[in-house]
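Dear colleague,

I am passing on the structure we spoke about, and below it you will find my notes on what turned up when I went through it. Please read them with the sequence open beside you.

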Amino acid sequence: MIQRPFSDSLQGSTNSQIKDYLISPGYSQVNTIDHKRQRPISTVISSIDIGHGILNKPTYSRIKISKNNNQNEQRLTRNTFANKTDAFLPNKDNVLFADHDSQFTVNNSSQSDEILAEINKIPSIPFFASVKTIADHTNLDGSFWINSSIANENNIHTTSIYNNHRAENESTFPDTAYEMDPDKQEIWKQDGPSLSPVNLTTLKNCAKLLQYKVDFDVQEKFLHMDIEVILVPRTHVDTIWLKPFESLHNDTVQKIITNVIKKLQFYPNLTFTWNEISHLSQWWKNASQKRRVTLRRLIREGRLEITTGGWVETDEAMSSLYGILHQFIEGHQWLDQYLNYTPEVAWITNSVTHSPTVTYILSAIGITNLVMTNVHFSLEQYFAEYQYSDFIWVQNWDSDKTTRTDLNQALNKIGNDQYPKHAVLTHYLQYNSDSFKACGPYGKVCEVEFNFANKIIDINEYNVKNKAETLLEQYSKTGTLSPHNIIIAPVGGPLHYVSQTEFDYQYNNYLNIANFINVNQNIYKATVQFGTPTDYFTAIMARHKSYPTLSGDFLNYAEIDKTRPVYWTGFFTTRPSLKLLLRRLQATLRSTEFLFSFTSSCTAFRTTNKTQLITKLTNAREIVARLQDRNVISGTLSSKMLSYVQNQILIAVKDCWYIQEVTASLLSTKPEHSEKYLTKYVYRDGEFISSFKCIEPGDKIYVFNSLNHEVTEIVELLTRHVNTRVIDYNKKDINFQINPVWKYSSADNVIRISSQFFKIIFAVKVPPMTLKLFQFKEAFDVSLSTSIIFCLACVMDSAVNNPFTVQPIEPGDVQIENYNVRLIFDEVDGLLKTIIEKETNDERQLVINYGAFKSSDINAGIYLFSTSAQRFQDILKEYRADSKRKMLIIVSGNVVTEYTSIYGNLLKHTVRICNEMNNPLAGVVRIESNLNFGVAPKNRDLEMFMTIQTCIENGKSPILYLDNNGFRVTSRKLNISRKVEANMYPMTSMAFIQDDKTRLTIITDRAQGVTALQEGQILIMLDRRILFNDKRGVNEGLSDNSPYNHIHYMLLENFAKEDISFDKTLNEQIVLPSLLANRIANSLLFPLDIFFVDKNYIDMPYYVFLPLIRGSFPCDVCVLSFRMILRKGLGFKNVLDTAIITLHRKSFTCKFFVHNNLYCKDDESFYIERIIQHVKQVFHTNLVGTTKGVPIFDINVNNLPPMELMSLKVVFETT
């Protein structure tokens, strides 16, 4: 608690009789108020300012802090109980309380030794009579008596003052100091009743009362309300946001880190906390050896603490599991290699979204303490009301209480009292701030008065008392929000400590305040000291052993801005094209890591220059981890920085493509060859384009599947030769079709079909982690493989050599079908309205529609989402009214059937179904949405979306199931009475709704915002154009939209009929996706890689079918990462003998019929040595591979339970 002293001034007194009175420092009159959210404030005691000239030095020196002496100073106070007790009247003999006109009045600037001597002679006040005094008025038999003369002389107004420092105990102030008003004396001179001696031992009416047991005792609580403040100097630096990484580092961050090293050496009790490894590694490259040594020493001393260990601080709503894990591995591997350091605390306070995926990863790394902030304002109030400043964040599926974790050991938890295996002790920084504003509810007080960076405010002996009390008031109010009164007070903010003088100002001023408070600890009931987040968790765990548990996430962030709620859900849909490119980059890096690791384990590099490949791989790893920054992955960048990020993506992807080409060439050719003869092929509309390549007869391609399960995918390649067929490595013909290449012409509203280019479409089925060769041969008759075209208005470029025939579309509803489903499209709007399952002949309403929300002119922008009063706009209204004509084209062949409806330049909607009977994709509907906003300001302030309306009964308050980072599924119960922005949540890979019969799953290729407006609906945000500035830092709107394709897979599944009447745990079971949904999500996240064989090396492929593993993994196990540890050996030669393999037991439900064409191994246990080739040893390490680990052989459900991740350190044979 804080005891707030009053001012020493005598001005403003309204009672002429009540003067300042003298009390002993050992006793004080207090008025306490105890409340769950209000700390008791005692109105007592302020120091007498006697001037530094008298004491010759400040009373709050650091020497006194170390001795922790009790101060026996005379203090001034205001009467707490006004008009209840008269004060002492001053006279000439009372030096401290003399009359204002007295010559003995003390002047604060006086240098008189005589006055100081008089002060030291002032007697103290016995609030309770001494033992001797009581004995003088007690009878021998134990009774006591009261003398009426004493009562008249020693009444309330004339209490004798005893001097405890004198042996006589008889000295008093002169009687004149206690003279009463003559008018008031008459009251006390009246005779009272006579009193007789009383024997206490013989009384029969003595009461014996038992104390009532209560849960909360005010006085007891008051005794334990000392507040402990831990000052945490820190700074916040972004990796990429308003400036490029290199510019920000060279201009600012490099100076900050250098200043930290210098000032921590100069000030021996100063501490500092650093978070971003990307900047630290960049600083290390140019730092001198002396500064490197100093950095290591400061870390060992615990004065410089590195938190989290991630390469960047990512956004937890938009990131995939692979992206999050990659930046963690990159950061922790660097700390282990260069600093031999492992973080103990995570500090994640810049992101406005917090996912349980990250807390799981932290616990799997070995970090069980987390500091976070930025939660929904209602949750902020809830945490404050119930003092949930610290809680145990658990996974909703984690029930393992048998594992002895570091957290349970620190809290002395044993047996069933233990917290679950992956529990993380989390501290929430109140007020949604991690800078100076976090000091208290009035953050501007600290930000203005106690941020000493930009202006020089000297905290000295004249103002330290006032400043300390102002700051303590904020700290005290913050302390009321926790049950233990220990708080973290961040000292710093964005880009602080660039100059050395700021370090001096911040440190010295805060040190003066801390020293003053610590010396007066008995008065203020508070201590202030510099420390680190580790110090905080050590302190609270020593005081508290039990904490409330919490599960779930904090992904819908909102704040109050000018009395209105503001929702940070707009960036879920900001720049979807950038989000897709980043996903593709991560998939490219992952494939590169796999090929590089397999090549290293097989010692296939031979004479290849490994140094060049390692340099490119290191650079690509760092760029991909850097682009995982929260501002990049969420798309919240300025248009200038967007160009910088796109350039970084291009640099990294080219390095990855080169490594893939080299490694795939070495793996697939004879050992004596080392030439690079493969070329990466990527050609997707709106995505990467590696090269413009057309297939010709005689060409060969390799298709690589980096997943550990079989993948079936539709491959599209361009060609100029229509007479082309496809054969596999067994020289068997593959089912294929020839599709037209067409383009919509908005000028004349027709579709133009090219006679020069065609598409070869075929389905490939590639086993896990396999390179498979396909060849293209000349065909003499392709009439059976040529697609049939149905079109409303199609025009051929040339009738010569055009193999297609165009048929008109008949009036009425349109239907397309395969062996599994029949889809019916509405004649009016041209969109899907009904789906019929042929196996059950069930006809289900499934209506697809497109629309847009109109953005509000306030609280909407690159971060924020806010809809106007007329929020819904029908963007296809003119086409439904037939005032504009839509275009339709249907292309059907042996492999796929595509239905495309075109609505001007704004929207092109395509639905595809697979026509092959034994294809796992036959029951899946592929939806492709191509949006083109045009040139700004056209279509301004629109938030485009797609809705899928079904008959699924998922509640009047719809329940929507969304995945968190592709790791777990969370249910969202929507309140449709609230605004749509309040119900918006992120979908990173899939979303589904269900009732007791059917489930509809939507699988996406990028992170998007998802919600629902009514029962049975899924609403998917597609893109947005906002020209308003939401004033959240970027200071721009969104107007750089580019045309691109959205890919969604729609999966309609029926629950298997089973007897669940006696299953009591049904409602407690975690909802999981199906196996097919998991497979499709993996395929979208990590697509197949295609390589062209150079025509000059057409005979180089030696292996036409090359499995890189010897066995298969179980159905529910996914190999998430496989990367070599790059290290130097003797003679600084690169040693590539150890890899980190991260496995994910990706759980799925068995409540659906499993497709017969999903081949996998249904085993619960497996051995890595029997799957990966050339394995020498396997160790079970932490998730980032920084511990030595323990040997492991059999991997089963006990050491790799459902849902969990496991990292293995695999050592390969080098000979």
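In what order do the 11 strands of the open sheet lie, and what is their pairing? Please bear in mind throughout that this is a predicted model. The order is S24-S22-S30-S31-S32-S33-S42-S39-S38-S35-S36, and the pairing is mixed. At the edges are strand S24 (806-807) and strand S36 (968-973), each of which pairs on one side only.

Within this sheet, strand S38 (residues 990-994) and strand S39 (residues 998-1004) run antiparallel and are joined by 5 bridges, and Phe 992 stands opposite Thr 1001 in S39.

Strand S19 (residues 736-745) and strand S20 (residues 750-766) pair in the antiparallel sense over 9 bridges, with Ile 738 standing opposite Ile 760 in S20. Strand S19 is mostly covered, since 7 of its 10 residues are buried.

As for the protein chain as a whole, it holds 25 helices and 53 strands, and 56% of its 1215 residues are buried. The chain exposes about 53,400 Å², of which carbon and sulfur atoms supply 50%. Where contacts link residues at least 6 apart in sequence, 75% of them join residues at least 24 apart.

With best wishes

Key
Residues are numbered from 1 along each chain as its sequence is written. This is a predicted model: local features need pLDDT of at least 70, side-chain atom pairs count only at pLDDT 80 or more; totals for chains, interfaces and linings use all residues. Side-chain values use heavy atoms; hydrogens and water are left out. Buried means under 20% relative accessible area, exposed over 50%, partly exposed in between (1.4 Å probe, protein chains only). Helices (H or I, at least four residues) and strands (E, at least two) are DSSP runs, numbered from the N terminus. Two strands pair if DSSP finds at least two bridges between them. Contact means heavy atoms within 4.5 Å. Accessible areas come from the Shrake-Rupley method with a 1.4 Å probe; for residues, only the protein chains shown count as cover.
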